[in-house]
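The sequence and structure come first.

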Amino acid sequence: MKLIAVGKLKAGPEQELLARYRARLRPKLEVVEVPQGRGSPTEQKRREAEALLAACPDNAFVIVLDEGGPLMDSPVFAAKLQQWQETGRLVCFMIGGAEGLDAAIIQRADALFSLGKLTWPHMLVRVMLAEQLFRAQAIQTGHPYHKAGRP
């Protein structure tokens with residue numbers, strides 16, 4: 001699996017937490033950071049899209065985190081992740097920059113999903129995705145995904 005994201009995650013709690021989840025994931029989650037675009041918002045998105053797409057193999061299964069994507073609970077995400085992995089293609093997650101995603105990224109996506117209707121800092125989204133990947137793997141192997149029982 002590969003996470004391709006705009007911007008560099010600086011040292012700090014987010015980086016430490018991301019490293020903790022990445023160490024638990026099998027297969028490993030490779031993280032590729034591409035530079036933030038410069039110029040007008042449209043130009044920024046265009047440049048970021050070029051960099052995101054360049055970091056992703058042509059035959060990859062691309063999943064884009066986008067506020068317009070469908071919402072999923074953890075069990076549904078776990079099932080989707082298994083389906084994506086069963087394609088036999090490298091699974092690449094993409095996270096855009098502060099201005100959002102260029103239409104070229106949405107068009108290239110094999111799947112979209114949203115982490116919710118709230119706005120999250122892009123650097124924190126990496127940690128949230130890594131945690132959900134770990135949780136999905138736990139669900140796939142039959143481990144409970146939270147300690148409290150469901151009503």
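The text below describes the strand pairing, then the annotated site.

This is a predicted model, in which local features need pLDDT of at least 70, side-chain atom pairs count only at pLDDT 80 or more, and totals for chains, interfaces and linings use all residues. Residues are numbered from 1 along each chain as its sequence is written, and side-chain values use heavy atoms, with hydrogens and water left out.

Strand β1 (residues 2-6) pairs with strand β2 (residues 30-34) in the parallel sense, over 5 bridges. Pairing requires at least two DSSP bridges between the strands; helices (H or I, at least four residues) and strands (E, at least two) are DSSP runs numbered from the N terminus. Within this pair, Ala5 stands opposite Glu33 in β2. Together with helix α1 (residues 13-24), β1 and β2 make a right-handed β-α-β unit: with the strands pointing away from the viewer, the path from the first strand over the helix to the second runs clockwise.

An unreviewed UniProt entry lists a "binding site" of Leu65, Gly96, Leu115, Gly116, Lys117, Leu118, Thr119 and Trp120. Such annotations may be inferred rather than shown by experiment.

Leu115 is found in the loop between β5 (111-113) and α5 (122-140), and Thr119 is also found in the loop between β5 and α5. Their accessibility classes are buried (under 20% relative accessible area), exposed (over 50%) and partly exposed (in between), with a 1.4 Å probe and protein chains only.

| Residue | Relative accessible area | Class |
|---|---|---|
| Leu115 | 27% | partly exposed |
| Thr119 | 75% | exposed |

Not counting residues up to four places away in sequence, Leu115 touches Leu65, Trp120, Val125 and Met128, where contact means heavy atoms within 4.5 Å.
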